Amino acid sequence: IEVNDPWRNYAVQYNFKGDHFGLGQNYLTIAQNATGADRQDGLSVALGLSRVLEEKVQEFVYEYPADSPLEERWFRMIATPLQKKEYAGAVIMHLEISEVRRLEAERLQLQMNEQKKITQAILQGQEKERNHIGRELHDNINQILAGTRMYLSLAGGKDSHVKESVRYPMELLDQSIEEIRKLCG
């Protein structure tokens, strides 16, 4: 029945055909017959609007993109039934929410950046701890094992019975030293 100036401006910007900017056309039919990339949005709007007209819901809200040639734009459509019983129909309002969407995207990006910083700090802390443990294993424990191996070797060099007794413990020490080297790497 009527459209406001913002709708007229929108229609001009999007090259809508006709001088009446949609006056006298059935909104529900237009939504149901949407094609191409707008097909799914049209079907969702048609279903929601039908539910309002059938008084199954008191309000239908739908957000959708409607990019202009110059910028990304978002709108929120709100459909409510007419309150007076002598008329059947609904009031459909479209509000531009582009700035709200931009702010939400900006906030989300800031949150993701903050999360990345936290993750990087955790990974750096873990890497630092691993390096510390590797140095402790290599510098301290490996040195103790190497010293123990040296003393066993010296003890085994003087007596063949002792030499045979320390052969297996020396193999275990060699394996331990090699395992620590692998862990440190």
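Guide: Confidence comes before detail. Among the elements of the protein chain, helix H3 has the highest mean pLDDT, 91. Helix H1 (residues 5-13) has the lowest, 71. This is a predicted model, and where pLDDT is low, the predicted coordinates should not be read in detail. For the protein chain, the mean pLDDT is 84. Of its residues, 94% reach 70 or more.

Now the sheet. It is open and has 3 strands, in the order S1-S2-S3. Their pairing is antiparallel. Strand S1 (60-65) and strand S3 (90-96) form the edges, and each pairs on one side only. From one strand to the next, the twist averages 20 degrees. Strands of a sheet pair through backbone hydrogen bonds.

Look next at strand S2, residues 74-81. Strand S2 pairs with S3 over 7 bridges, in the antiparallel sense. Proline 81 stands opposite alanine 90, which belongs to S3.

Helix H3 packs on this sheet. The helix covers residues 39-53 and touches S1, S2 and S3. Its direction makes about 165 degrees with that of S1.

Finish inside helix H3, with serine 50. Is serine 50 buried or exposed? Serine 50 counts as buried because its relative accessibility is 17%, and the cut-off for buried is under 20%. The side chain of serine 50 also has a polar atom 2.8 Å from the backbone oxygen of alanine 46.

How values were computed. Residues numbered from 1 in each chain as written. Predicted model: local features only at pLDDT ≥ 70, side-chain atom pairs only at ≥ 80, totals over all residues. Heavy atoms only, no water. Pairing = 2+ DSSP bridges. Helix = DSSP H or I, 4+ residues; strand = E, 2+ residues; numbered from the N terminus. Axes fitted to C-alpha atoms, helices over the stretch in contact; angles between N-to-C directions. Contact = heavy atoms within 4.5 Å. Buried < 20%, exposed > 50% of the residue type's maximum accessible area, 1.4 Å probe, protein only. Polar contact = N/O pair within 3.5 Å; in protein donor to acceptor, adjacent residues only side chain to side chain. pLDDT = per-residue confidence, 0-100.
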